[in-house]
Amino acid sequence: MSKRILHLVLLSIGMTILLTFVEDNNSPANERGRLNETSLSELHTQRNKQTLSSVPDRIELYEEMETLMLQVEDIPIYKDYLTESENVALEIERTQFVKIQSDSSDLTHALLQYGCGTKACSTLLLETNGIQSRSMIMPYGTFQDYKQSPDQNRLLLRYAYDEGGSVKRQIIVAVDLNSMQVIPYASDSLENEYMLNPTWPILSYQWLDESRFSLKTAEISASDWDALQQWFSSTDRKVKRVEIQLENTAFKKRLQNFNSALPFRLGS
């Protein structure tokens with residue numbers, strides 16, 4: 001008899017534990033746990049959507065005493081960059097620009113610099129009237145400076161590429177501001193050496209007239225790193241002057257898409 005009583009007691013205890021587990025599993029607290037898990041998933045989705053939708057239609061950039069108002073929708077490459085950024089506000093804050101001096105009160109030209117690494121940046125040349133903007137892709141690199149043609153309708157822009165030590169190479173890109181297109185060099189060989197591929201150091205440059213400019217570079221026979229390192233380290237650097245004629249006729253087809261013409265440019 002005592003064994004039957006013991007079995008009944010153990011069975012009763014087991015049923016009590018089972019009922020307690022079922023009640024706890026269906027309790028409001030556990031239900032809240034499942035709801036919280038669902039809410040976190042929905043919140044993650046909402047945050048992703050918020051990141052994509054947080055790119056503003058218009059932005060105002062500040063650089064020292066200068067301001068630049070842009071319609072982001074008109075600059076698709078820059079908008080895509082901001083959309084893919086984890087922190088849109090921070091990337092906008094990091095965006096830099098250089099205004100191109102002009103006598104025009106209606107249009108503003110500026111070089112937009114964003115996605116910068118240690119020194120080099122992605123760059124776009126912009127034209128804006130404060131309401132609408134248009135842009136063109138420029139090289140990825142360290143923008144150094146620019147010079148305007150005597151009639152102010154054309155630009156020469158110098159980009160630098162630091163290879164460590166004292167070796168630094170530059171390129172010069174010519175741009176027509178009216179058409180917002182790159183102006184090819186008349187000479188293919190000079191174009192390859194001084195615009196499309198960073199080959200030589202460009203110590204200085206200047207416009208000669210609206211279609212010609214000159215530059216000073218190293219007077220050495222080879223452009224490999226060792227030769228340039230030796231030239232930069234020398235106390236008697238020999239330099240030469242190179243005169244470059246720009247195309248006055250139709251733009252070359254291979255420069256219609258300047259981005260693809262630059263083998264050293266990183267992905268847009």
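Leaving aside neighbours within four places in sequence, with which residues is Ser133 in contact? The legends below begin with an overview and then answer this in the first close-up.

**Overview. The predicted model and its secondary structure.** This is a predicted model, in which local features need pLDDT of at least 70 and side-chain atom pairs count only at pLDDT 80 or more, whereas totals for chains, interfaces and linings use all residues. Residues are numbered from 1 along each chain as its sequence is written, and side-chain values use heavy atoms, with hydrogens and water left out. The protein has seven helices and 12 strands (DSSP runs numbered from the N terminus, helices being H or I with at least four residues and strands E with at least two). Of its 268 residues, 36% count as buried (under 20% relative accessible area, with exposed meaning over 50% and partly exposed in between, for a 1.4 Å probe and protein chains only). The accessible surface comes to about 15900 Å², and carbon and sulfur atoms hold 50% of that area (Shrake-Rupley method with a 1.4 Å probe; for residues, only the protein chains shown count as cover).

**Close-up 1. The surroundings of Ser133.** Ser133 lies in strand S6, which covers residues 133-148. With neighbours within four places in sequence left aside, Ser133 is in contact with Leu70, Gln71, Asp74, Ile75, Glu127 and Thr128 (contact means heavy atoms within 4.5 Å). The side chains of Ser133 and Thr128 also make a polar contact at 3.1 Å (a pair of N or O atoms within 3.5 Å; within protein, one must be able to donate a hydrogen and the other to accept it, and residues adjacent in sequence count only if both atoms are side-chain atoms). Ser133 has a relative accessibility of 10% and therefore counts as buried.

**Close-up 2. The disulfide of Cys116 and Cys121.** The structure holds one disulfide (a pair of cysteine sulfur atoms within 2.5 Å). The sulfur atoms of Cys116 and Cys121 are 2.0 Å apart. The torsion about their S-S bond is about 105°, so the disulfide is right-handed. Cys116 is partly exposed, at 32% relative accessible area, whereas Cys121 is buried, at 3%.

**Close-up 3. Aromatic pairs.** The structure holds six aromatic pairs (rings of Phe, Tyr and Trp, the last by its six-membered ring, with centres within 6.5 Å; planes under 30 degrees apart count as stacked, over 60 as edge-to-face and the rest as tilted). One of these joins Tyr81 and Tyr114 in a tilted arrangement, 5.0 Å centre to centre with 55° between the planes. This pair links distant parts of the chain, with Tyr81 in helix H3 (residues 76-83) and Tyr114 in strand S4 (residues 108-114), 33 residues apart. Tyr81 is partly exposed, at 25% relative accessible area, and Tyr114 is buried, at 4%. The ring centres of Tyr185 and Phe213 lie 5.8 Å apart with the planes at 70°, so this pair is edge-to-face. Tyr185 is in the loop between strand S9 (181-182) and helix H5 (188-196) and Phe213 is in strand S11 (residues 212-218), so the pair ties together parts 28 residues apart in sequence. Ring pairs also link Tyr78, Tyr81 and Tyr114 into a cluster.

**Close-up 4. Charged ends over rings.** The charged end of Lys147 sits over the ring of Tyr205, at 4.8 Å from the ring centre (NZ of Lys or CZ of Arg within 6 Å of the ring centre and within 35 degrees of the ring normal). The charged end of Arg237 sits over the ring of Trp231, 5.2 Å from its centre.
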